[in-house]
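Okay, everyone, thanks for coming.

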Amino acid sequence: EALLKSASPAVGQDLSSLPVVLVGFSKGGVPLNALLRDAARKGESNPALLMQLEAAHFVDVGLPVAGAYPLSRQDLILLRQSVSSNFQLFVHGTPRQLNDPERPFLGQEAEAFVVAAQEAGLSTQRFDYGVGSERTLALHFDSLACF
């Protein structure tokens, strides 16, 4: 909330009443998870920001180790209880991350995250881009254009 207030003068508009869409790309899924987790756990102390959240997009998220989607079921339930009924959660992926034979856990984690979010009552959609394509770095970055 403080970030929105401090950025308002720079853009010449009050941002505190506009919808907020959060995006985490690649390793940026980790801070997005942390932001959503912390916001949900502090929901009652920060209701304005949570009610402004329109969507969160996890775009081709991945790490070299397990843990790219660390939100627990309880965190997802708290998030659902804290955001507006219009909030949507999106998971976008490419073979670069989801089908990496050296990191098979990424695809498994993404699917488990989608299922857990849906079970928590969050409107959740998954989009897979480049299915059947070669796992290239270009495809990874192209996922940003697709979402």
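So, Phe147: this one is partly exposed, because its relative accessible area comes out at 37%. Keep in mind that we're looking at a predicted model. Phe147 sits in the segment after α7, and it belongs to a nonpolar patch on the surface, along with Val21, Val23, Leu137, Phe141 and Leu144. Together those residues have about 490 Å² of accessible area. Which element gives the largest share of the patch? That's α7, with 3 residues.

From β1 we can walk into the strands. β1, residues 20-25, runs parallel to β2, and 6 bridges join the two. If you want a spot to look at, Gly24 has Phe58 in β2 as its bridge partner. β2 itself, residues 53-59, is mostly covered, with 6 of its 7 residues buried.

On we go to β3, residues 88-93. β2 and β3 are paired in the parallel sense too, over 5 bridges. Here Ala56 stands opposite Leu89, and His57 has Phe90 as its bridge partner. β3 is also mostly covered: 5 of its 6 residues are buried. Then β3 pairs with β4, residues 123-128, again in the parallel sense, over 6 bridges.

Is Leu79 buried or exposed? Buried: its relative accessible area is 0%, so it falls under the 20% cut-off. Leaving aside residues up to four places away in sequence, Leu79 touches Leu36, Ala40, Phe87 and Leu122. And for a sense of distance, its C-alpha atom is 12 Å from that of Ala55, 24 residues away along the chain.

Okay, charges. Side chains of opposite charge can pair when their charged atoms come close. In this model the count is 7 salt bridges, and I'll pick out a few.

Take Glu111 and Arg126, whose side chains meet in a salt bridge at 2.7 Å, N to O. Glu111 is in helix α6 and Arg126 is in strand β4, so this pair ties together parts that are 15 residues apart in sequence. Glu111 counts as partly exposed at 37% relative accessibility, and Arg126 does as well, at 27%.

Salt bridges that share partners also join Asp100, Arg103 and Arg135 into one network. Within that, the side chains of Arg135 and Asp100 meet at 3.8 Å, N to O. That pair links distant parts of the chain, 35 residues apart: Arg135 is in the loop between β4 and α7, while Asp100 is in the loop between α5 and α6. How covered are the two ends? Asp100 is buried, because its relative accessible area is 10%, whereas Arg135 is partly exposed at 34%.

Last one: Arg37 forms a salt bridge with Asp38, with the closest N and O atoms 3.3 Å apart. Arg37 is partly exposed, at a relative accessible area of 24%, and Asp38 is partly exposed as well, at 33%.

That's what I had. Questions welcome.

Notes: Residues are numbered from 1 along each chain as its sequence is written. This is a predicted model: local features need pLDDT of at least 70, side-chain atom pairs count only at pLDDT 80 or more; totals for chains, interfaces and linings use all residues. Side-chain values use heavy atoms; hydrogens and water are left out. Buried means under 20% relative accessible area, exposed over 50%, partly exposed in between (1.4 Å probe, protein chains only). Helices (H or I, at least four residues) and strands (E, at least two) are DSSP runs, numbered from the N terminus. Two strands pair if DSSP finds at least two bridges between them. Contact means heavy atoms within 4.5 Å. Patches are made of residues with over 30% relative accessible area and no salt bridge: like charges are joined within 9 Å, nonpolar side chains (Val, Leu, Ile, Met, Phe, Trp, Tyr) within 5 Å. Accessible areas come from the Shrake-Rupley method with a 1.4 Å probe; for residues, only the protein chains shown count as cover. A salt bridge is a side-chain nitrogen of Lys or Arg within 4 Å of a carboxyl oxygen of Asp or Glu.
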